[in-house]
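Reader: I am new to this one. Please walk me through it, one question at a time.

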Amino acid sequence: MKVIVDRDLCEANGICVGIAPDVFELDDEDQLHILAAEVADDRLGDVEDAVAQCPKAALKLL
Ligand code: SF4
């Protein structure tokens, strides 16, 4: 599966980074980067949690 971010919705609060720091990263300008867009099977649980807990619903799994 693949995870994407809608940058218009993301408010850079870092919740997803806290859940899966190997997948999501915020830079110095509060831009979210997805380090591993193709989600490995063993990281899917945490990425699903990040998608569910994003308060802006900015993350999607495809
Ligand atoms: S949890 Fe959502 S709003 Fe927060 S940094 Fe991640 S994508 Fe952006």
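## Questions and answers

Author: Start with a residue in a loop. The model is a predicted one. Asp30 sits in the loop between strand 2 and strand 3 (32-34).

Reader: Is Asp30 exposed, partly exposed or buried?

Author: Buried residues have under 20% relative accessible area, and exposed ones have over 50%. Asp30 has a relative accessibility of 47%, so it counts as partly exposed.

Reader: What is the phi of Asp30?

Author: Most residues other than glycine have a negative phi. Asp30 is not a glycine, yet its phi is positive. The value for Asp30 is about 60°.

Reader: Where is Glu29, and is Glu29 buried or exposed?

Author: Glu29 lies in the loop between strand 2 and strand 3. The cut-off for exposed is over 50%. Glu29 has 67% relative accessibility, so it counts as exposed.

Reader: How many Å apart in space are Glu29 and Val39?

Author: In sequence, Glu29 and Val39 are 10 residues apart. In space, C-alpha to C-alpha, the distance between Glu29 and Val39 is 25 Å.

Reader: Which residues does Gln31 touch, leaving out those up to four places away in sequence?

Author: Gln31 is in the loop between strand 2 and strand 3. At 35% relative accessibility, Gln31 counts as partly exposed. With residues up to four places away not counted, Gln31 touches Arg7, Glu25 and Leu26.

Reader: How many Å apart in space are Gln31 and Lys2?

Author: Gln31 and Lys2 are 29 residues apart in sequence. From C-alpha to C-alpha, Gln31 and Lys2 are separated by 19 Å.

Reader: Now the whole chain. What pattern does the chain follow along the sequence?

Author: The chain has 2 helices and 4 strands. Read along the sequence, their pattern is β-α-β-β-α-β.

Reader: Why is the chain called as compact as a globular protein of that length, and what is its radius of gyration?

Author: For 62 residues, the globule rule gives 11 Å. The radius of gyration of the chain is close to that value, so the chain is as compact as a globular protein of that length. Along the principal axes, the C-alpha atoms fill a box of roughly 30 × 20 × 15 Å. The radius of gyration is 10 Å.

Reader: Among contacts between residues at least 6 apart in sequence, what percentage join residues at least 24 apart?

Author: Of the 62 residues of the chain, 26% count as buried. Now take the contacts between residues at least 6 apart in sequence. The share that joins residues at least 24 apart is 57%.

Reader: Which residues of helix 2 are buried?

Author: Helix 2 spans residues 44-53. Buried means under 20% relative accessible area. In helix 2, the buried residues are Leu44, Val47 and Ala50.

Reader: Where do the buried residues of helix 2 lie, seen down its axis, and what covers them?

Author: The buried residues of helix 2 fall within an arc of 120°, so they line one face of the helix. Their cover includes strand 1 (3-5), helix 1 (15-19), strand 2 (24-26) and strand 4 (59-61).

Reader: Is Ala52 buried or exposed?

Author: Ala52 is also in helix 2. Ala52 and Cys16 are 36 residues apart in sequence, but 9.5 Å apart in space, C-alpha to C-alpha. Ala52 has 65% relative accessibility, so it counts as exposed.

Reader: How many cavities of 30 Å³ or more are there, and which residues lie nearest the centre of the largest?

Author: A search of the whole structure finds 1 such cavity. The largest cavity holds about 100 Å³ of space. Its lining has 11 nonpolar, 2 polar and 2 charged residues. Nearest its centre lie Cys10, Ala12, Asn13, Cys16 and Cys54.

Reader: Which residues is Cys10 in contact with, leaving aside neighbours within four places in sequence?

Author: Cys10 is in the loop between strand 1 and helix 1. Its relative accessible area is 26%, so Cys10 is partly exposed. Cys10 and Ala57 are 47 residues apart in sequence and 8.0 Å apart in space, C-alpha to C-alpha. Beyond its neighbours within four places, Cys10 is in contact with Val5, Leu32 and Ala58.

Reader: What is the phi of Ala12?

Author: Ala12 is placed in the loop between strand 1 and helix 1. Ala12 is not a glycine, yet its phi is positive, at about 55°.

Notes: Residues are numbered from 1 along each chain as its sequence is written. This is a predicted model: local features need pLDDT of at least 70, side-chain atom pairs count only at pLDDT 80 or more; totals for chains, interfaces and linings use all residues. Side-chain values use heavy atoms; hydrogens and water are left out. Buried means under 20% relative accessible area, exposed over 50%, partly exposed in between (1.4 Å probe, protein chains only). The arc is that of the directions from the helix axis to the C-beta atoms. Contact means heavy atoms within 4.5 Å. On a 1 Å grid over the protein atoms alone, a cavity is a set of points where a 1.4 Å probe fits but cannot get out, and a pocket is an open set with protein on both sides within 12 Å along at least five of seven lines; lining residues have an atom within 4 Å of a point. Grid points are joined across faces, edges and corners, and a volume is the space filled by probe spheres set on the points. Ala, Val, Leu, Ile, Met, Phe, Trp, Tyr, Cys and Pro count as nonpolar, Asp, Glu, Lys and Arg as charged, and the others, Gly among them, as polar. The radius of gyration is taken over C-alpha atoms; the globule rule is 2.2 Å times the number of residues to the power 0.38.
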